Each structure stands twice: as C-alpha cells, then as structure tokens.
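Hi,

Here is the structure I promised to pass on. Have a look, then read my notes below.

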Amino acid sequence: MDSKKIYSYFVLVFTFFAFTIISSDAYVQGHKKAPGRRRTPANGLNCDMFHGSWVYDDSYPLYNSSTCPFIDPEFDCKKYGRPDELYLKYRWKPNACELPRFNGQDFLMRWRGKKIMFVGDSLSLNQWQSLNCMLHAAVPNSKTSTSRTGSLATVRFEEYGLSVMYYRTTYLVDIVGEPIGRVLKLDSIDSGSSTWLGVDMLIFNTWHWWTHTGNGQPWDFVESEGQVYKDMDRLVAFSKGLTTWAKWVEANVDPSTTKVFFQGISPTHYLAKDWGEPKAGNCNKQTQPVIGSTYPAGSPPEQAVVSNVIGTMSRPAYLLDITLLSQLRKDGHPSTYSGDHPGVDCSHWCLAGVPDTWNQILYAALL
Ligand SMILES: *[C@@H]1O[C@H](CO)[C@@H](O)[C@H](O)[C@H]1NC(C)=O
C-alpha cells in the first residue's frame, strides 16, 4: 500500500467508528429521554422544578388581583389593605432550568372541552382561584360563568368549553355520623369520589385538617381496619388515609385519559424560629422571601408521608412537590389582610402570589 491508500483506509475506518459512536450515543440518549420526558418536561428538559430560589422580577405578578373576579376575601390581600408590594415581584427559578412562562391562551386551547378539578381543603381552593385568575388574565373579555352545588364549585370558560372545578373535602376519606359520634373512616373514600370520575385532570390535596384537635377537629373517633379509636398518631392516620386515596386512584382512574396530580404539602409560617428569626414571631409583617435554596427547619415529616405513599402507586400521581419553594415564602401569607377573618393567617396565600407558581409548575408538567 502506498501512503495515499493507507491514508484513505484510516479515513474510512475512522469515519466508521465515529459514526458508530455517534449513533450509539443517540440510541442511549433516546432511551434515557423517553421516561424522563414524561415526568419533568419543563421546556423539554429533564429538570427538577422543585429546587431553586426566588428571584426579583419586575414583570410579576402574572395578574392584577383587583381585576380578577374569582378571589375570596381571605386571599385578597391588596383589597384588604396589605400595604407592601415586593411580595408580588418574585419568580421561582429552579436551579436546573427556567420555568416556562405561563401562557393562559395556550392552556385554554390545550384543555378546551375538558374538566379540571381541584379536590381538597382550602389550600386547593387557594390554587383553584389562582388558576382561574391566571386564565382570566389571558382572556379578560372571554365569557365565564360560575356555579356552586353542595361541595362542588365551577368556573366555566365558555368559549373554550373548559370547566375548572373545586371539590371541597378536608380529609379525602369519609367522615360518617354514627350513633357513637362522627367517625373519620381511614379506609373509606365514598362520599366524594363518584364526583371525581370522568374528570380529565385531578389535583388532590389533604393534610392541614389532620393536625386539628379540640373544637377544630370535625370527628370524634377514628376507624381503621374495623377498629375504632378515640385518637391516633396523626402522621400514621394521614398515611393510612392517603393510602386509601392512592388505592382509589389505582382502581378507578384510567391514566391514559386522566392526569392525576397531588398538590403536596403547603407549609405554614406560624413559628419564625423555623426560618431562623425567632423574634419575628410569625409571618406577620414579613415582606421578603428567605434568600437562597434551603429552609432552616428542613422538610416536614408529612412531606415524607406523601412521597412514600405516592411511591407505592403502580402509576404514581405526579407530585407537585411545592413544599420547599413555599417554605421560602414566609412573606406570601395573608397575615392580617385576610378579609374579615380575625387573627393572623400564616397558612393560606395571598393572590396574586405563591399558588400562581404552583400552577406554573402544573402548566410546565403538562407541556
Ligand atoms: C390594578 O387594577 C386597578 C384597577 O383597574 C388599578 O387601579 C391598579 O393600578 C392596577 N394595579 C397594577 C399594579 O397595575
């Protein structure tokens, strides 16, 4: 072989190997990407949307609360005199990617003719009203109608045939009046569940009521596996109740037609020592988020219960793991600007505000 031939031979061999390497890489990536894509599709990236920090953004909030017709007084902080505005100006920035900006018209088009239902306590109410405001802000002149029957409230975006609903239930599982008193039934989920069938997207939530005691506790006994108890460790009870919900989803929801989300644990800010500022007392007069990506008090045990139970599902509900990002928002609560409610509310969230970000993540998860 002369040197020219040797040269062409090497070019040929090199080209062959290069092609093999590139195509095998594509093969591996294709296989890696497919499952990742379904779980965290923010901008098509395999992105963890739940770790990050809050950054100032002058283009926020996403809507003007005074022009949203769907906000209850308890979340309408500006209307009830909240003087500061900085809390409206933060955008959630995941470490690994940018959250796509919420596009209400796109959301309405994708979900036209469908039913979306938030199921849970007043934190679900909070997120439901936030989504309605975000959609309304995108099409302010488009006709909406509202209705309420029993535990179910609906906002219908008429031109899109989209119903955004809220089903109020505090525990998801049943409370039944019996001769001995009101019994919280950890194994039974009959009272609301027939209403949840046939909905195209379900976003569940329960936790806050599991901690209630005394006059705020709406049951007298708790029943599990045929045994009746006066009380039970609340995390254990929560885990059992949530497991009943998970089994209901597995048995009744067809994942090819219905998207199932769990809202995750919305944190409260009644103990300022949780964010390392014990003298502050609680969320009252807080005007800025915790800086950075970590919350001094760490993750609450109820959050672990939620991930454990969802982890047992054969087709897990998508966990909107909003705990950390909301923990950082000690400034986001209505505090004393909560309609006519007495006291300081460090549990719900002002609108506009933190639940808008939960809905931005919901939107990103659906892209
Ligand atoms: C919100 O709307 C009200 C009423 O139209 C207006 O007075 C106010 O300036 C608006 N706020 C902002 C921040 O745009």
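This is a predicted model: local features need pLDDT of at least 70, side-chain atom pairs count only at pLDDT 80 or more; totals for chains, interfaces and linings use all residues.

Residues are numbered from 1 along each chain as its sequence is written, and side-chain values use heavy atoms, leaving out hydrogens and water.

Now the helices (DSSP runs of H or I, at least four residues, numbered from the N terminus). The axes of α5 (residues 234-252) and α6 (residues 301-311) come within 10 Å and cross at roughly 30°; axes are lines fitted to C-alpha atoms, for helices over the stretch in contact, with angles from 0 to 180 degrees between N-to-C directions. The two helices are therefore roughly parallel to each other (the term covers angles under 35 degrees). Touching residues (heavy atoms within 4.5 Å) include Leu235, Phe238 and Trp245 of α5 and Val305, Val309 and Ile310 of α6.

On to the sheet, with strands being DSSP runs of E, at least two residues. Four strands form an open sheet in the order β7-β8-β10-β11, with mixed pairing (a pair needs at least two DSSP bridges). β7 (174-178) and β11 (227-229) are the edge strands, each with a single partner, so one side of each has no neighbour in the sheet. Inside it, β8 (residues 181-185) and β10 (residues 221-224) run parallel, joined by three bridges. Lysine 185 has glutamate 223 in β10 as its bridge partner.

Cheers

Technical notes
Angles under 35 degrees count as roughly parallel, over 145 as roughly antiparallel, 65 to 115 as roughly perpendicular and the rest as oblique.
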